[in-house]
Structure formats: C-alpha cells, structure tokens
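Dear colleague,

I am handing over the structure that you will be working with, and below it I have set out what was found in it. Please read the notes with the structure open beside them.

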Amino acid sequence: MERIPNLQIVGQADSADKEQTKDFFNARLFEHNASLPDKDLEIIKKYELAKTPEALDFISFANSETNRLCQQFGLEGYNVPAENYHFLPREACQRLNMTAAAMTYKLKQGIIIQNDKFLDSKLSLAAVIFHETMHLKAFTALQSDQGVKDFSLFRSGVSAHSRTGHEMPKHVHFKGLHEAIVSEQEIRTLDKIMLLPNFREEHLFLEIPIVKEQIAKFKRQNNINSDSFVWFNIQQNCLEVVETYNQHRKLLKYICQEIQQEFSDQYADADTIFTEFLRAHFTGSLLTIGKLVEKTFGPGSFRSLGNVSEDENSVNLCFEDLSRRRKQLAAIDHQ
C-alpha cells in the first residue's frame with residue numbers, strides 16, 4: 001500500500017499509539033469516504049457528479065507532476081485516488097458550508113470542487129485540481145495526545161497550527177506563505193498543462209504569431225501582470241486570465257528577489273530561492289527559508305511573514321514591514 005511520505009506525529013501520545021495513528025491516517029488515503037461524517041457523506045452521495053474523462057486526465061496529471069516534485073526533494077511519490085476528488089454542484093457545496101470554489105480536507109484526505117465554477121474553462125479546472133493536489137500532498141504533521149484516532153492537524157506544508165488546546169481557537173501561522181507557494185507553482189505548471197492532449201487545439205492556436213501579439217496587447221491594455229497566464233478559450237471564443245493569490249505571489253517574488261541579491265554568490269537567480277520555499281512545502285523543514293529571510297530582512301522578519309493570512313491586507317502590511325526592514329539594513333551597511 002502506498003504511504004504518505006514523511007508523515008510525522010507530535011504530541012503526548014506514546015510511541016506505539018503514534019505509529020498506529022500513522023497507519024490509521026495512511027489508510028484514509030484509500031478509505032476516504034469512511035472518514036467523512038455521516039451527514040457530509042449523505043450529501044456527497046446524493047449530489048456527486050460523475051467524473052468526466054477530461055477531469056480524470058487532469059487528476060492523473062496532478063498526481064504525476066506532484067510526484068515529480070516530491071521526488072525532486074528526495075521523497076517518494078504517491079497517488080491520491082480519483083475517488084477522493086468530489087465534483088459537486090453549488091447547492092451541495094452550500095450544504096457543506098464551503099466558502100471557496102474548491103477545498104482540500106487534509107485530515108479526510110479528500111478534495112471537493114464546486115463544478116459550476118469551472119464549466120466554462122477546462123484550463124481553470126485542470127489548474128484547480130493541481131492546486132488542491134499540491135495542498136493535499138504538502139508535508140503533514142499531526143498532533144496526537146491520547147488514543148490512535150484522536151488527532152488534529154499540526155503542520156501542513158509550511159503552515160503551522162498553534163497548540164492552544166481545546167478551549168481556544170487555533171491560529172494558523174504562515175497560511176499566506178503556504179498559499180503563495182502553492183499558487184506560484186500552479187502558475188508555473190500551466191505551460192505543462194497546456195501540453196496535455198486535452199489542450200492540443202488551444203496550444204496550436206496560441207503558437208500563431210498574431211495570437212501572441214493580441215495576447216500581449218490585451219495584457220498591456222488591461223494592466224495584467226506579466227506572470228499572469230493568458231490564453232484563448234476556444235470553447236468560449238474569448239481571452240481568459242488564469243491567476244490565483246496574485247498579491248501573495250507578488251510578496252513571495254519580492255522576498256525571493258531580495259534574498260537572491262543578498263546571497264548572489266550562493267543562488268544564481270530568484271528561481272533557485274523559490275525552490276527552497278517549494279522544498280519546505282514538501283519536506284516541512286523551515287530552517288533554510290527562515291535563515292534566508294532573517295539574514296535578508298533582519299531579526300523578527302520571518303515571524304512577520306508568518307502573520308500573513310489569506311487576506312490581502314495582511315499581505316500589504318507584511319510587504320511594508322519587510323521593505324522597511326530591508327531599507328534599514330541597507331542604511332546600516334552604508335554607514
């Protein structure tokens with residue numbers, strides 16, 4: 001049976017219980033529905049839509065590409081079964097209290113996608129499947145204090161859940177950074193997605209010089225960021241922009257650029273810095289990126305980055321803080 005690589009258990013449970021918790025959680029990968037609350041399972045069974053051949057192809061690609069990334073960082077790859085991806089209409093998602101177009105349920109080893117949101121864009125569908133698979137395959141650490149089946153999420157990728165006990169709500173540190181890393185890798189993977197057989201017609205169309213010119217003009221006229229992905233949706237006969245967590249990605253790009261400038265003798269370009277953040281996403285090790293941030297922006301800067309949430313205002317506050325810290329360090333160096 002495939003196992004989730006580098007799965008870790010922290011907490012006060014004894015070592016035997018922790019090993020059994022690992023087995024129990026690994027089994028959820030293949031017994032996903034059994035882990036769902038009865039009321040949620042009832043909704044899913046009633047409303048779930050059959051997966052199209054196209055969607056199955058996108059799931060297969062998401063698994064193979066995330067496995068390639070895992071192996072890049074010395075981890076074994078594993079496949080999330082297609083059965084763990086649920087495509088539901090809006091009504092069902094509302095009944096499940098979903099607040100986004102797609103959600104990853106890490107502790108249940110499942111993904112729910114609001115099908116209505118992606119009916120008109122197969123590229124957006126492929127992208128969101130990859131995005132959520134990145135979330136699901138992120139480094140996982142569980143907190144278990146007593147019993148094999150009594151655990152909570154402690155770490156997911158670079159994000160860390162505070163251990164405040166049951167009497168207070170948990171706070172998630174580095175949640176914004178987590179989304180920035182996943183979203184940046186999603187955008188970087190769109191070129192590969194466009195090479196899939198499902199996009200053969202679109203890919204050939206995009207290679208026409210006049211189409212490239214029209215897309216460049218469209219981006220200039222609409223002030224679209226250079227790293228936003230624009231393609232021609234043949235089915236809808238229109239240009240379409242694919243981007244996600246734009247402000248969070250801008251912040252991450254700024255951080256990578258500044259670190260590279262500070263450590264230009266060790267890192268050839270900003271992409272090699274991003275690789276360190278991607279490594280942390282899959283391995284869970286924050287040591288390298290923590291040191292790079294602190295040495296580039298000063299003491300306390302990594303904690304500042306940890307306070308960035310999904311809210312764009314928190315991104316702006318962090319950007320201002322890191323910029324200020326960077327300028328202060330530069331001023332000290334020139335004294």
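**Hairpins and sheets**

In the hairpin formed by strand 3 and strand 4, where four residues lie between the strands, Gln109 takes a positive phi near 60 degrees. Please keep in mind from the start that this is a predicted model, and that what follows describes that model.

Strand 3 and strand 4 (residues 110–114) run antiparallel and are joined by four bridges. Within that pairing, Tyr105 stands opposite Gly110 of strand 4, while Met103 has Ile112 of strand 4 as its bridge partner. Both strands belong to an open sheet of three strands, whose order is 2-4-3 and whose pairing is mixed. Its edges are strand 2 (85–88) and strand 3, each of which pairs on one side only. On average, and with direction ignored, neighbouring strands of this sheet are turned by 15 degrees against each other.

Another open sheet has five strands in the order 1-5-6-7-8, again with mixed pairing. Here the edge strands are strand 1 (8–10) and strand 8 (172–173), each pairing on one side only. Strand 1 runs parallel to strand 5 (residues 140–144), and three bridges join the two; Gln8, for its part, stands opposite Ala141 in strand 5.

Asn233 stands opposite Cys238 in strand 10. The hairpin of strand 9 and strand 10 has four residues between the strands, and in this hairpin Asn237 takes a positive phi near 55 degrees.

**A pair of helices**

Helix 10 (residues 270–283) packs against helix 11 (residues 287–297) at an angle of about 140 degrees, and the axes of the two helices are 8 Å apart. Because of that angle, helix 10 is oblique to helix 11. On the side of helix 10 the contact is made by Glu276, Phe277 and Ala280, and on the side of helix 11 by Thr288, Ile289, Leu292 and Val293. Sorted by class, the contact of helix 10 with helix 11 has five nonpolar residues, one polar residue and one charged residue.

**The largest pocket**

How much space lies in the largest pocket? The computed volume of the largest pocket is about 940 Å³. The largest pocket is lined by 32 residues, of which Met103, Thr104, His135, Glu179 and Glu310 are the closest to its centre. The elements that each give two or more residues to this lining are strand 3 (102–105), helix 5 (122–136), strand 6 (151–156), strand 7 (159–161), helix 6 (175–193) and strand 10 (238–242). Among the contributors, helix 5 supplies the largest share of the lining, namely six residues. By class, the lining of the largest pocket has 14 nonpolar, ten polar and eight charged residues.

**The cavities**

The largest cavity has a volume of about 50 Å³, and its lining consists of Ile4, Pro5, Cys70, Leu75, Tyr78, Lys137, Ala138, Phe139, Thr140 and Phe282. By class, that lining has eight nonpolar residues, one polar residue and one charged residue.

The second largest cavity holds about 40 Å³ of space and is lined by Gly176, Leu177, Ala180, His248, Leu251, Leu252, Leu305 and Val308. Helix 6 and helix 9 (246–262) each supply at least two residues of this lining. By class, the lining of the second largest cavity has six nonpolar residues, two polar residues and no charged residues.

With kind regards

Terms used. Residues are numbered from 1 along each chain as its sequence is written. This is a predicted model: local features need pLDDT of at least 70, side-chain atom pairs count only at pLDDT 80 or more; totals for chains, interfaces and linings use all residues. Side-chain values use heavy atoms; hydrogens and water are left out. Axes are lines fitted to C-alpha atoms, for helices over the stretch in contact, and angles run from 0 to 180 degrees between N-to-C directions. Angles under 35 degrees count as roughly parallel, over 145 as roughly antiparallel, 65 to 115 as roughly perpendicular and the rest as oblique. Contact means heavy atoms within 4.5 Å. Ala, Val, Leu, Ile, Met, Phe, Trp, Tyr, Cys and Pro count as nonpolar, Asp, Glu, Lys and Arg as charged, and the others, Gly among them, as polar. On a 1 Å grid over the protein atoms alone, a cavity is a set of points where a 1.4 Å probe fits but cannot get out, and a pocket is an open set with protein on both sides within 12 Å along at least five of seven lines; lining residues have an atom within 4 Å of a point. Grid points are joined across faces, edges and corners, and a volume is the space filled by probe spheres set on the points. Two strands pair if DSSP finds at least two bridges between them.
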